[in-house]
Amino acid sequence: MLHFLDSLDEQEWQTLLDQFIPRVGEEELLELKTDIAGDPVTYCLRKLNKPMRELTELESKFSSVIIPDSPVDTGTYAQYLSQDILNHVVPVSSPTFVGHMTSALPKHLPELGKILTALNQNLVKLETSHILTALERQVLGMMHKLVYNRDESFYKQWLHNGEHALATFCSGGTLANLTAMWACRNQLMPADGNFAGLAREGLARGLLHYGYSGLAILVSELGHYSLKKTVDVLGLGQDALIKVDTDRDGRICIDDLRTQLQKLRQCNIKPMAIIGIAGSTETGSIDPLNILADIAEREQCHFHVDAAWGGASLLSERYRHLFAGIERADTVTIDAHKQMYVPMGSGMVLFRQPTLTNAIAQHANYIVRKGSKDLGRHTLEGSRSAMSLMLHSNFHLLGRQGLACLIDASIEKARQFADLIRQQEDFELISEPQLCLLTYRYVPPTVLQVLREGTAPVKQQLHESLNALNQSIQTMQWSAGKFFVSRTCIKPVQWDRQPTTVLRVVLANPLTTLEILENMLEEQRQLARQSPFWQDLVS
């Protein structure tokens, strides 16, 4: 079996792969065993080559809004669950489904998930979590050490300090980014004289007291859409999110950033935060973090790094250098469910200085009390499960070395796939892989030549036709059910920043092989010729 790291021999790589489920072939069923009322039930998720049924067709089975008066028979419900629900879910763990972050998971996690469900711990409060509070603080300390690498005395002082937090767990990058900017906003306008602080008196009074016309957050145009939600929820308004141009490699343009900062100064708008991206969602690009840290220091504003995608790669000694400067960030977002191989719902925000959590600390007499070590004092969410135990288990059962090998292999796989795309005369690589993400599109060779040499109106028409064709390819391939890539629209510098529909691949699943990727390209080639947009493009 081909693997992607010269540093591992075949047996070492196979041992690592054996930690993951499911191991499937194209004609096999993805089977899981569950236990309903003590009866083992084997159900099939779906065949890999089974077409996806239209959602509108399936909705008819879920049209009743009447709660059943009496319990149904367990066997009857299990059969219904198998045939009408689980038989139609998306097989996100399949090695042929390479469009999003979801991947095969280590085989110990389903059983651990059963235990967590049975225990039903609530991490908001020490009274309902006890030892798992200490475990979560330890996991967050491990993540803080991974990013900031402070000395032993620092962690001895802060790891289990109930008044502050090194980091907080949350359901994902959206809430992690919101929490970071929430703390940033509140700290920016503290109590001063007759002003009781923004957290007490609100944004309007804060702006008036400090003499600003408004606040702004600056990020590249590839910033995650969660940041639009963030400025909306925080009362800044979506116009306060300033999008900065990117270069050919998808990195923030420093010259445009300086231009945008100058415009803000002229309008008396305070730059609240500069956000660096360490692994953009669309292309995996990494901003020059050290340069951004320097600019943030000069502007005296918060420096946040959204490493929801790339943060896991800090485990890799081979690729850690790509994130130089992340240790200077005031806050960092990382999602463990992206490439630390845990289930969905495992985001984190890390604080360089634990005292920053003072800006968002909350108390409630009945649940999160002053002086306690309740984790809910510093989290936006209230009740939540002990997902930190999932990450804790991977740290111990896979180890840093095992996780690093998986990350190294995924990046190498992306580079090999990029080479494969370059070898095809009818596919075009759009974004070079910096991590395990890349984008490309289908382009007939004759069309590509005209795109390079044609007149502006002809080029514009061809771009629009190619966008329609690639959108069609992606939709048809997903519906066919054998392979899956996602799609997005970016503005590549090499095509004069024309909005370009691209196919997007995430190669995090360790069970995905180059043979699978070759077959996926061949199916896309065949689907292109079946598309209703094919004739319009090549005629």
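1. The model is predicted; local features need pLDDT of at least 70, side-chain atom pairs count only at pLDDT 80 or more, and totals for chains, interfaces and linings use all residues. Residues are numbered from 1 along each chain as its sequence is written, and side-chain values use heavy atoms, with hydrogens and water left out.

2. The protein has 19 helices and 15 strands (DSSP runs, H or I of at least four residues and E of at least two, numbered from the N terminus). Its radius of gyration, taken over C-alpha atoms, is 25 Å.

3. Buried residues (under 20% relative accessible area, 1.4 Å probe, protein chains only) make up 54% of the 539 residues.

4. The second largest pocket holds about 440 Å³ of space. A pocket is an open set of points on a 1 Å grid over the protein atoms alone, with protein on both sides within 12 Å along at least five of seven lines; lining residues have an atom within 4 Å of a point. Of its 29 lining residues, Met101, His224, Thr281, Trp309 and Lys338 are the closest to the centre.

5. The structure holds four cavities of 30 Å³ or more. In a cavity a 1.4 Å probe fits but cannot get out. About 50 Å³ lies in the largest cavity. Its lining includes Glu136, Phe169 and His378. Both α5 (131-148) and β5 (167-170) supply at least two lining residues.

Technical notes:
Grid points are joined across faces, edges and corners, and a volume is the space filled by probe spheres set on the points. The radius of gyration is taken over C-alpha atoms; the globule rule is 2.2 Å times the number of residues to the power 0.38. Buried means under 20% relative accessible area, exposed over 50%, partly exposed in between (1.4 Å probe, protein chains only).
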